[in-house]
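Reader: I would like to learn how to read the features of a model one at a time. Please show me.

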Amino acid sequence: MQSTAATYDPKDFRRALGMFGTGVTIVTTRAADGEPVGITANSFNSVSLEPPMVLWSLAKNARSLPVFQAAQTWNVHILSNEQEALSNRFARAGEDKFAGLALDSHEQHAPLLPDCTARFQCKTAFQYDGGDHIIFVGEVTGYDTNPHPPLLYVTGGYALASRKSAAIATEPAADTDTAYSENLVGYLMGRAHFQFLHGLRQPMARFGMTDADFYVLSLLSIRQPQSPTEIAAHMAYTGTDIGTVALQSLIRKGWVQECPQQPESLQLTPQGNEAILHVLAAAKAVESDLIGSLGEMEAATLRNLLKKSIAATDPGLPKLWQAKA
């Protein structure tokens, strides 16, 4: 439905604006009494390269507006994908937002937050009336960047940045009416899984380690001891029968033994621990090469999408990694 300026619904207009993805920033300064002030903003934009200038805007009803209007300097921090909690902290009112935070600036300067994707130190150049906001334009006096992927905000929620992939097919595109294509999620996830495992085959073969062995040894390297029932429950998603035969094979190979403190539960032997550490080191090397090819931004997006996929398809498997108390 098309709306006009005369008939638009402000809430619907905000939803429409939310379709435009933006970065997430925190803007900081100091009040006249030296108190640090900061707010989360996604209104940041560039103005000029020569001289280097940027802008952002702040609502006229914001409690911090008088402080920023009086400030001669302020800093803009483009947040990384790991700083969602920091964004939420500075978006809330009525609390000491800087409590417990380490800063990269001296007390007399506008606060500089660490570990951001980019930071811009600015001095106020102009202030403009922008309807229900005040627009601040600043001249950039210093900046720095970090390889961390940026945090984005779109359609009312946080998002991750990712460059669009090219096609992977080596043959002409298949008929779109066919049931199987390179865009089938199951095919993509399966092929990526087996191509990743291909990098582990050589060290696994060196130890005579099967896929089933690898699954169980990896599990016990994370949490041990575990009973055969617990091991089978954790491994149910693999489709591999981790039953008595598989576990007895691991015991015969000298990689797993019964736990003296918990009879009928299993734990790694020193030999088993050494074997799985060698293979997991190879897995880390394969992952490092993959991240090097993808880049940190795509790697963060990949992890996020895989976690969402796991959550969406989880049949109720037990949790392997426990939340910290």
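Predicted model: local features only at pLDDT ≥ 70, side-chain atom pairs only at ≥ 80, totals over all residues.

Reader: How many bridges join S7 to S8?

Author: Twelve bridges join strand S7 (residues 118–130) to strand S8 (residues 133–145). The two run antiparallel.

Reader: Now the open sheet of three strands. What is its order?

Author: The order is S1-S9-S10, with antiparallel pairing. Strand S1 (22–23) and strand S10 (157–160) are at the edges. Each has a single partner strand, so one side of each is left without a neighbour in the sheet.

Reader: How many bridges pair S9 with S10, and in which sense?

Author: Strand S9 (residues 151–154) pairs with S10 over four bridges, in the antiparallel sense. Leu151 has Leu160 in S10 as its bridge partner. Look at the connection too. S9 and S10 form a hairpin with two residues between them. In that turn, Thr155 has a positive phi of about 45°.

Reader: On to helices. How does the reach of H6 compare with what is expected?

Author: Check the end-to-end distance against the residue count. Helix H6 (residues 211–222) has twelve residues and spans 17 Å from its first C-alpha to its last. That is close to the 16 Å expected at 1.5 Å a residue.

Reader: Is H6 mostly covered or mostly exposed?

Author: Count the buried positions, then ask what covers them. In H6, nine of the twelve residues are buried. Among them are Phe214, Tyr215, Val216 and Leu217. Asp213 and Ser218 are on the buried list as well. The cover includes helices H5 (201–207), H7 (228–234), H8 (244–252) and H9 (270–294). Strands S11 (256–258) and S12 (266–268) also contribute to the cover.

Reader: At what angle do H9 and H10 pack?

Author: For a helix pair, read angle, distance, handedness and contacts. H9 and helix H10 (residues 296–313) pack at about 115°, with axes 6 Å apart. Their crossing is right-handed. From H9 come Glu287, Ile291 and Leu294; they meet Glu296, Glu298, Ala299, Leu302 and Arg303 in H10. By class, this contact has four nonpolar, no polar and four charged residues.

Reader: Finish with a single residue. Why does Glu139 count as partly exposed?

Author: Compare its accessibility with the cut-offs. Buried means under 20% and exposed means over 50%. Glu139 is at 30% relative accessibility, so it counts as partly exposed.

Reader: Where does Glu139 lie, and what does Glu139 touch?

Author: Glu139 lies in strand S8. Leaving out residues up to four places away in sequence, Glu139 touches Pro52, Met53, Gln121, Cys122, Lys123 and Ala125. Sequence separation and spatial distance are read side by side. Glu139 and Phe120 are 19 residues apart in sequence, and 9.4 Å apart in space, C-alpha to C-alpha.

Methods. Residues numbered from 1 in each chain as written. Heavy atoms only, no water. Pairing = 2+ DSSP bridges. Expected span 1.5 Å × (residues − 1). Buried < 20%, exposed > 50% of the residue type's maximum accessible area, 1.4 Å probe, protein only. Contact = heavy atoms within 4.5 Å. Axes fitted to C-alpha atoms, helices over the stretch in contact; angles between N-to-C directions. Left-handed = near helix turned anticlockwise from the far one by under 90°. Nonpolar A, V, L, I, M, F, W, Y, C, P; charged D, E, K, R; others polar.
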